[in-house]
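Dear colleague,

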Amino acid sequence: MYSEKVMNHFMNPHNVGVIEDPDGVGKEGNPICGDLMEIFIKVKDDRIVDIKFRTFGCGAAIATSSMATEMVKGKTIEEAMEITNKAVAEALDGLPPIKMHCSNLAADAIHAAIEDYLEKKRAKQPA
Amino acid sequence: MAKRTVYMDHAATTPVDPRVVEAMLPYFTEGYGNASSVYRLGQEARKAIDEARADVAQTLNCTPREIIFTGCGSESDNLAIRGIAFWNRDKGNHIVTSSIEHHAVSHTCEQLEKHFGFQVTYLPVDKYGRVDPTDVEKAITEKTTLITIMYANNEVGTIEPIAEIGEIARAHKIPFHTDAVQAGGALDLDVEALKVDLLSLSAHKFYGPKGVGVLYLRRGVRLLPPQTGGAHELNRRAGTENVAGIVGLATALKLAQGHREENNRKLIALRDRLIEGVLSSMLDTQLTGHPKERLPNSASFTINYVEGEGLLLGLDMMGTAASSGSACTSASLEPSHVLLAMGIPPEVAHGSLRLTLGHENSDEDVDYLLEVLPGIVERLRSMSPLYTTAS
């Protein structure tokens, strides 16, 4: 059902955890639907220097969270905003069609974290 | 503990008993005749089917004419429900069923509602998944032409009060069907004791082959067959008989029911140890289904803060086969309607785990499961946003 890459990321996910003092937090999904992702980012000079995730969800949800965070770590905010669910799925050597929506959540959660960071940044700036 | 291969999904399917395979084999290459043929080869096939039919009838405490062989449990359910519903259409269009039926029953009822003008009442269940017979009685109207309630639930193992419901159906002269697919090897199938008019069975749930099932149809109860063609099964189910499968089903049923009490004793002991072990080794884990009135082999749980497919993948990596009612493990992406009907919140239903034991399972298998499961759960919980906020 799942590719070897997906299984690897499921068994040994990268970037699991929380950031105590995050610069941005993104939450996507809903436990009622069976999928919830939280992404925490630390940003320095417009670059994502640290990123962590927590996920309640299936094998695909955990693997896509892991892969997506790996893909944006170290990238600039602009570059990270461009990440798509397709790119995440491709990086994992594909997902079964029924699981593609999980990759949406990962990309969306990262976008949400970045937007949260930008929101906070705007709020700090003098009027 | 060294990795083991442990199969704990007998509710999904079972391995075929070698004695059943042996009984079936001659009918592939030597006894391949069409049972409707006049010559010897055909008549031998006919004889094999007659004997199989008599054996099944004996187990069910009915006459051979009341046994119809089908292609599977789902087909038996379809034959029963469509057959009765359409035969009685001029008398009424109302069906009473439960909210925890297998999709072969519920989706059939839904189609009848959506496309054929039938009305269906889906009775609620209590937190254990039990139907209340008085609810059945209350739901009956003058237009009710069928009651269909499963004997034992496939997801949580709960056994329904079939004889009591049968009593009510009889008093109102309404045909009563029970989907006994999960009960097949483990529970008493005496149709007189159960007071049923129709009963579905499926061979691959009791160590028989896939592709063959039974519908018991009480003498005097008429139905309109959905599958028409030749006059097979006394004009109730067309199709050249799957002789090998039928012989296999009858052999398997005889073996399962013949040693029922003894088998159940062993299974119950393993099951109870498994349940006790799971509940005591992890917090925020619940048994689902009735604590007492449940199938001898069924241990079903909800494990908070984790998702079912993740559990199954983790178990699979450790050589164990199990199933779940989570949305992600279903083709429809919906969580189990059975768990939801029992009042379990969706986010908890997503963390369901079903372990169903079988004859090959041993004490060592149970020990192994108890050894590996907590670690799998802990790992998933450590990644879960729900666990950290709750603890």
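**Confidence**

Please bear in mind that this is a predicted model. The model scores are ipTM 0.93 and pTM 0.94. For chain B, the mean pLDDT is 96, and 99% of the residues reach 70 or more.

**The seven-stranded sheet of chain B**

Chain B contains an open sheet of seven strands in the order β2-β8-β7-β6-β5-β3-β4, and the pairing is mixed. At its edges are β2 (67–70) and β4 of chain B, each of which pairs on one side only. From one strand to the next, the twist averages 20 degrees.

How do the two neighbours of β7 pair with it? With β6(B), the pairing is parallel over three bridges. Within that pairing, B:His177 stands opposite B:Leu198, and B:Thr178 has B:Leu199 as its bridge partner. With β8(B), residues 213–217, the pairing is antiparallel over five bridges. Here B:Ser202 has B:Gly213 as its bridge partner.

**Helices against this sheet**

Helix α4(B) lies across β2, β3, β5, β6, β7 and β8 of chain B, and runs at about 160 degrees to β7(B). Helix α7(B), residues 162–171, lies across β5 and β6 of chain B, running at about 160 degrees to β6(B).

Helix α5(B) covers residues 103–116. Its 14 residues, at 1.5 Å a residue, should span 20 Å, and the end C-alpha atoms are 18 Å apart, which agrees. The buried residues of α5(B) are B:Ala104, B:Val105, B:Ser106, B:Thr108, B:Cys109 and B:Leu112. These buried residues pack against α4 (73–87), β3 (94–98), β4 (119–123), β5 (144–148) and β6 (176–179) of chain B. Just after the helix, B:Gly117 takes a positive phi of about 75 degrees.

Most residues other than glycine have a negative phi. Two residues of chain B may be set against that background.

B:Tyr207 has a phi near 65 degrees, a positive value in a residue other than glycine. B:Tyr207 is found in the loop between β7 and β8 of chain B. Is B:Tyr207 buried or exposed? B:Tyr207 has 26 C-beta neighbours inside 10 Å, and therefore counts as buried, the cut-off being 20 or more.

B:Leu234 is not a glycine either, yet has a positive phi of about 55 degrees. B:Leu234 lies in helix α9(B), residues 232–235. B:Leu234 has 12 other C-beta atoms within 10 Å and is therefore exposed, since the limit for that class is 12 or fewer.

**The three-stranded sheet of chain B**

Chain B also holds an open sheet of three strands, in the order β9-β10-β12 and with antiparallel pairing. Why is one side of β9 and of β12 left without a neighbour in the sheet? Both β9 (285–287) and β12 (352–356) of chain B stand at the edges with a single partner strand each, so one side of each has no neighbour there. Neighbouring strands of this sheet are turned by 25 degrees against each other on average, with direction ignored.

Three bridges join β9(B) to the antiparallel strand β10(B), residues 298–303. In this pairing, B:Thr285 stands opposite B:Ile303.

**The contact between chains A and B**

The contact takes 18 residues from chain B and 17 residues from chain A. On the side of chain B, the elements that give two or more residues are α12 (308–317), α14 (346–349) and α16 (385–390). Helix α12(B) gives the most to this side, with four residues. The residues of chain B that touch chain A divide into ten nonpolar, five polar and three charged.

With kind regards

How values were computed
Residues numbered from 1 in each chain as written. Chains lettered and ligands numbered in written order. Predicted model: local features only at pLDDT ≥ 70, side-chain atom pairs only at ≥ 80, totals over all residues. Pairing = 2+ DSSP bridges. Axes fitted to C-alpha atoms, helices over the stretch in contact; angles between N-to-C directions. pLDDT = per-residue confidence, 0-100. Contact = placed C-beta atoms within 7 Å. Nonpolar A, V, L, I, M, F, W, Y, C, P; charged D, E, K, R; others polar. Expected span 1.5 Å × (residues − 1).
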